Amino acid sequence: MRSFELCLGLGAALFLAPPPGSPSNHREAPITALDHKADITDLYAFVSYDQNQAPGTPPTKVTLILGVDPLLEPANGPTLFPFDPGILYEIRIDNNRNAVADVIFQFRFSTEYQLPGVYAAAAGFSDLGGAPGVPPRIEDFQNPGLNLRQTYRVTMIRGNKRVELENEDGSPFFAVPGNAGPRTMNYEALFDQATYHLDDGVSVFAGTTDDAFWIDLGAAFDTANFRTLGSGVPGVLTNDEDMAQQNFASDTVSGFAVNSIAIEVPIEWLTRTGEIEAADSPDATIGVWGTTSRRKMTIRRSPGPATTRGEWRQVQRMGNPLINELLIGIGFKDRFSMDQPKNDAQFADFFLNPPIATIVESLYSVLVPGALDVPPAPRNDLLPLVTYTGPKTGPIADLLRLNTGVAATPPQTASRLGLIAGDGAGFPNGRRVFDDVVDITLRVGVGGVLNVDFNHFPNNVLGDGVNVNDAPYRTSFPYLASAPDGRNRRHVDPGEVGGGPIP
Amino acid sequence: MKTLLLIAALASTIESPAERKIASARLWLKKDSGSYPARNALALALARRARETGDPAYYRQAEEALEASFRISPDNVEAARLSVWTLLGKHEFARALEEARALNRRMPDDLLTYAFLTDAHVELGNYEEAEEAAQWLLDLRPGNLAGLTRGGYLRELFGDIDGALEWMLMAHDQTHFNENEDRAWILTLMGHLEASRGRLEASEGYLAQALELFPDYHYALGELGKVRMAQKRYPEAVSLLRLRYEKAPHPENLYDFAGALALAGETEEAEALFARFEREARAESEGVDNANRELVFYYADRASEPESALAIAEREMARRRDVFTRDAFAWALHRSGKSAAARGEIEAALAVGIKDARMLYHAGAISAASGDRKAALRYLEESLALNPYSPVATEARESLQQLEPQVAP
């Protein structure tokens with residue numbers, strides 16, 4: 001008989017392991033800090049729009065975008081940044097207010113090498129008639145110079161039905177590679193070719209793009225050490241700064257790429273009723289979240305490993321922006337990342353008594369006494385971010401909630417501040433690529449402006465000074481900007497034009 | 001420089017990893033007597049030494065170090081973790097579970113807490129909860145050492161010996177080469193796994209490596225002694241189990257040793273040691289760290305005191321309902337003539353999935369006694385097929401012979 005000591009296992013090595021590092025944006029939880037490829041950067045969900053959108057155009061489609069694999073330096077060859085074939089990427093939708101997925105889009109990638117003996121994507125000189133032994137500049141996915149090439153498959157699960165979304169002619173979906181630079185590839189041509197428009201009005205896209213997020217990340221994670229701009233109070237914008245379509249502080253994410261997955265589908269595919277619902281219908285609102293998962297090491301092995309599918313373990317999830325980064329305690333982040341939104345009541349204290357609000361309030365009480373008052377906990381004003389509104393709120397759950405009945409705002413009149421600036425089609429009603437979720441979060445999460453008693457100066461002009469993205473977004477699907485090219489990418493730093501002051 | 005020299009001098013004279021850690025923690029305390037991390041380090045090193053030697057006195061010393069640590073910093077998480085580990089080592093499983101749960105609420109992402117939850121649940125016989133905790137531990141960090149060893153043990157309990165060996169080998173590969181005792185511990189477990197299915201040569205290979213890494217390691221001596229018994233090399237078994245008992249003088253080790261002596265024909269010494277075993281095991285029978293399972297088998301099979309066996313088994317069942325305790329309880333019931341109840345217990349143990357030749361033999365004997373010859377034949381054949389060299393192989397063959405003519409045409 002074995003005595004207990006025999007099964008007491010190996011504590012020592014773990015006790016001696018160093019504690020996990022501090023979190024950074026785009027790298028929220030210890031588990032995902034160790035799994036860069038599975039790290040979700042951002043999730044976007046919005047009613048599709050186009051360049052010449054007329055006000056009040058009835059909604060027809062929704063675009064969903066999942067960003068993964070943060071802060072990709074475009075010059076970091078030779079393989080650049082393929083998706084991980086070992087990861088199951090999913091965008092999940094709840095359409096009946098119970099925080100359980102009713103519609104799921106799954107994305108799985110495959111990798112192939114075209115020139116196994118060559119060190120990287122190597123091509124060029126097509127305009128000069130080519131160079132001996134070097135493939136011509138990459139203009140399409142058939143070019144052998146595109147050495148590492150990825151394809152992917154898209155599956156929609158709705159109820160018990162699994163449908164593979166495919167090109168009409170059965171040709172594969174190619175993922176846009178990282179932008180190696182102008183000699184090697186025509187990135188724009190590849191981007192266009194990789195934007196697939198299928199039957200039924202569905203479009204899909206995957207590839208390395210500009211990181212659509214923008215933030216003074218360095219200031220945010222130097223314990224909210226925002227730059228002092230025109231107002232003289234750090235992190236407080238003047239009205240002119242607030243209205244400007246330019247940056248007063250450095251966009252730390254500028255010049256970086258990210259891997260993006262995007263899908264546009266008819267609204268009827270997403271709603272509970274299978275119809276486009278009017279904005280005042282409770283069935284118009286969906287809850288969206290993204291997940292990345294890897295295969296499990298299961299204690300109980302499958303009796304038929306070749307024929308039965310192994311289970312998945314969820315590595316990361318995201319609904320609202322900045323929840324995991326800024327709200328969830330470090331000792332709880334893995335539990336949050338791996339759990340399901342329907343179980344989020346366990347994190348209610350983090351949602352409704354956000355430590356970030358207390359920290360910022362405390363810092364301001366020293367910096368500028370009396371300048372900032374923050375609503376006391378419990379912050380029930382934040383409930384609309386983590387529950388549905390209306391008679392059936394559903395459980396507390398971190399979902400990006402989108403009312404699909406609200407018409408998209410024409411790009412010319414849309415506000416980066418979304419709903420709090422009267423633009424009903426913006427965050428937190430879904431999230432568009434150009435929504436300034438950092439400033440909105442500062443004003444809503446810290447300033448408490450959803451509560452009318454706190455919707456005043458300076459709570460309603462808090463901001464990091466980064467108002468726009470460094471690269472122009474597309475105005476049609478997939479809406480993302482092109483990845484910076486590795487040879488000529490530029491990161492805007494503090495102290496330079498558009499980078500804000502260093503002190 | 002002085003410190004370095006001192007550590008180097010210590011390292012050259014002290015063999016075991018835990019002893020080295022104890023020495024360096026004491027040095028740290030000497031330099032900084034108010035440091036709670038130093039006291040935690042000392043407690044950890046002492047708890048490791050307890051495993052190296054099998055001497056529970058080290059757990060008491062570890063607890064003293066932890067008490068001092070808590071006095072300096074009442075909320076320190078490290079001491080709370082070590083406290084759970086020490087409780088597990090002392091076999092205080094219910095308290096360990098309670099403290100591990102509290103720690104888990106405080107810090108849900110801590111890997112080691114899930115390992116402790118698994119350990120406590122396994123020992124209490126809560127296998128579903130144990131699997132849930134271990135699976136989450138592996139989901140948190142696939143392939144982590146603590147998860148592999150816990151998962152490997154669960155695989156064994158669920159009857160997947162190949163799977164258990166696979167993960168134990170992975171755990172061994174991840175263990176630092178300098179952690180001799182940790183490596184020897186894993187190799188000993190692997191030796192045990194191979195022996196449990198009758199692969200004695202493979203088992204010997206692992207156990208020899210374990211003993212090379214950590215000479216006179218009491219766990220490895222015990223397992224190798226059992227392998228020698230299976231090989232009917234009784235004098236070698238006697239010397240291995242004698243040495244094991246000298247290294248770790250616990251009643252349960254005395255029981256194996258006395259058993260080997262009896263088989264080796266050293267009847268007089270065997271009887272004397274069985275009598276001593278009974279005395280010592282009885283003396284600690286009310287405590288949590290006891291030899292009650294061995295005592296149950298002693299009373300059931302050697303002393304022919306089934307009532308005493310049953311009384312002790314019932315007491316132990318009130319504390320824990322793991323498969324090994326259930327097996328002992330079933331056997332005590334069987335020897336007391338309560339075959340129907342015995343059958344329920346042994347089948348509950350086997351339902352967990354464990355493949356253990358002795359339990360299968362017990363199930364066969366109990367089924368035969370309750371009149372179910374078909375089940376009895378099945379269990380006995382299974383026991384012999386799994387391990388033809390098990391300690392109950394002879395009894396299993398005899399029972400089979402008694403049963404077979406009755407079913408033959």
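Chain B is built from 23 helices and has 0 strands. Its radius of gyration comes out at 22 Å, close to the 22 Å that the globule rule gives for 409 residues, so chain B is as compact as a globular protein of that length. Keep in mind that this is a predicted model.

Looking at contacts in chain B with a separation of 6 or more, 53% come from residues 24 or more positions apart.

| Helix | Residue range | Residues in the contact |
|---|---|---|
| α3(B) | residues 36-53 | N40(B), A43(B), L44(B), A47(B), R48(B) |
| α5(B) | residues 77-89 | E78(B), A79(B), L82(B), W85(B) |

By class, the contact of α3(B) with α5(B) is made of 6 nonpolar, 1 polar and 2 charged residues.

As for the geometry, the axes of α3(B) and α5(B) lie 10 Å apart, and the helices pack at an angle of about 15°. Angles under 35 degrees count as roughly parallel, and α3(B) and α5(B) are therefore roughly parallel to each other. The crossing of α3(B) past α5(B) is left-handed.

How values were computed
Residues numbered from 1 in each chain as written. Chains lettered and ligands numbered in written order. Predicted model: local features only at pLDDT ≥ 70, side-chain atom pairs only at ≥ 80, totals over all residues. Heavy atoms only, no water. Axes fitted to C-alpha atoms, helices over the stretch in contact; angles between N-to-C directions. Helix = DSSP H or I, 4+ residues; strand = E, 2+ residues; numbered from the N terminus. Parallel < 35°, antiparallel > 145°, perpendicular 65-115°, else oblique. Left-handed = near helix turned anticlockwise from the far one by under 90°. Contact = heavy atoms within 4.5 Å. Nonpolar A, V, L, I, M, F, W, Y, C, P; charged D, E, K, R; others polar. Rg over C-alpha atoms; globule rule 2.2 N^0.38 Å.
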